[in-house]
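Please read it with the structure open.

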Amino acid sequence: MEETAAVQGLFPPLMSDMMTLLSIALNILLMFAVAYLWTTRNAGNNLQDVEEKIKKQANRIKKLEETVQEIKPHKVVDTVIEAEPFGIKPDEPREDPMDISVTGLQKFIEAYNHIAASMSVPGQLKACETFVADRSLRMLLYGGVMTFLPALDVEESGYWAWKIPEEQHLFAVVPNPMKPCDAELNERGGLKMTFTTNFQDGVYKKYVVDTPAIFSDEGNTWHLRNPGVISLARS
């Protein structure tokens with residue numbers, strides 16, 4: 001009681017109430033400050049936890065990408081192998097499967113004129129043998145009085161007969177380009193009887209078939225159906 005009286009004697013009553021209120025206010029502010037600091041600390045800890053989790057996940061993704069790259073490395077294709085058509089070997093001659101009478105005949109004439117123009121080149125016999133074999137040509141000799149006989153080989157033959165597709169017994173006939181056209185071949189070798197030519201005299205070394213002679217083969221007997229047309233060149 002003496003101490004209270006002494007305090008009351010030292011501070012007036014109004015001043016004493018103000019001090020009490022100030023003390024309460026300071027206590028409240030201190031409580032808010034402690035709560036704020038606690039909240040801030042927890043938020044900082046949570047942020048650090050989130051950052052750590054993000055870093056760990058990023059490392060996992062990076063390792064996963066590296067693993068995938070090791071499993072499936074990039075491949076570079078330098079060359080593409082061209083596939084051969086089904087059923088055809090690379091070394092086999094390829095014929096147009098759409099060959100019909102007119103188209104096939106025109107192609108045969110073009111191929112013949114091409115090889116006939118190269119008779120001055122070495123290896124002509126081999127080229128002609130290949131030409132005859134690839135097209136399954138029939139080899140013929142003129143036997144006189146419009147009679148044609150089978151020949152034994154390409155070099156001996158006087159004429160080649162090509163079977164016209166889809167035309168029964170009909171053949172396109174051309175002369176052997178290895179044999180130059182002279183008076184003997186023209187008069188007694190059957191050329192004059194089977195072809196219209198520009199022959200006059202001398203020797204003609206090149207044939208250009210405009211139209212082949214058309215023959216029919218019925219019962220191993222050859223019959224001329226339509227004469228052909230040939231342009232002759234001396235060299």
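1. Start at the surface. E129, D153, E155 and E156 gather there in a patch of negative charge. Patch members have over 30% relative accessible area and no salt bridge, and like charges are joined within 9 Å. Asp and Glu count as negative, Lys and Arg as positive; His and the chain ends are not counted. A charge is placed at CG of Asp, CD of Glu, NZ of Lys or CZ of Arg. Areas come from the Shrake-Rupley method with a 1.4 Å probe, and only the protein chains shown count as cover.

2. E129 lies in helix α4 (residues 124–134). Helices are DSSP runs of H or I with at least four residues, strands are runs of E with at least two, and both are numbered from the N terminus. E129 is partly exposed, at 35% relative accessibility. The classes are buried (under 20%), exposed (over 50%) and partly exposed (in between), with a 1.4 Å probe and protein chains only.

3. A word on the basis. This is a predicted model, in which local features need pLDDT of at least 70 and side-chain atom pairs count only at pLDDT 80 or more, while totals for chains, interfaces and linings use all residues. Residues are numbered from 1 along each chain as its sequence is written, and side-chain values use heavy atoms, leaving out hydrogens and water.

4. How many salt bridges are there? The count is 4. The rule asks for a side-chain nitrogen of Lys or Arg within 4 Å of a carboxyl oxygen of Asp or Glu. Side chains of opposite charge can pair when their charged atoms come close.

5. R188 and E184 form one of these bridges, at 2.7 Å from N to O. Both sit in helix α5 (residues 183–188), 4 residues apart, so about one helical turn separates them. R188 is exposed, at 57% relative accessible area. E184 is partly exposed, at 44%.

6. K192 and E187 also meet in a salt bridge, 3.5 Å from N to O. E187 is partly exposed, with 35% relative accessibility.

7. D201 pairs with R234, their closest N and O atoms 3.5 Å apart. This bridge links distant parts of the chain, 33 residues apart. D201 is in the loop between β5 (195–196) and β6 (206–211), and R234 is in the segment after β9 (228–233). R234 is partly exposed, at 40% relative accessible area.

8. Last, the cysteines. The whole structure has 0 disulfides, a disulfide being a pair of cysteine sulfur atoms within 2.5 Å. C128 is buried, at 0% relative accessible area. C181 is buried, at 0%.

Key:
Patches are made of residues with over 30% relative accessible area and no salt bridge: like charges are joined within 9 Å, nonpolar side chains (Val, Leu, Ile, Met, Phe, Trp, Tyr) within 5 Å.
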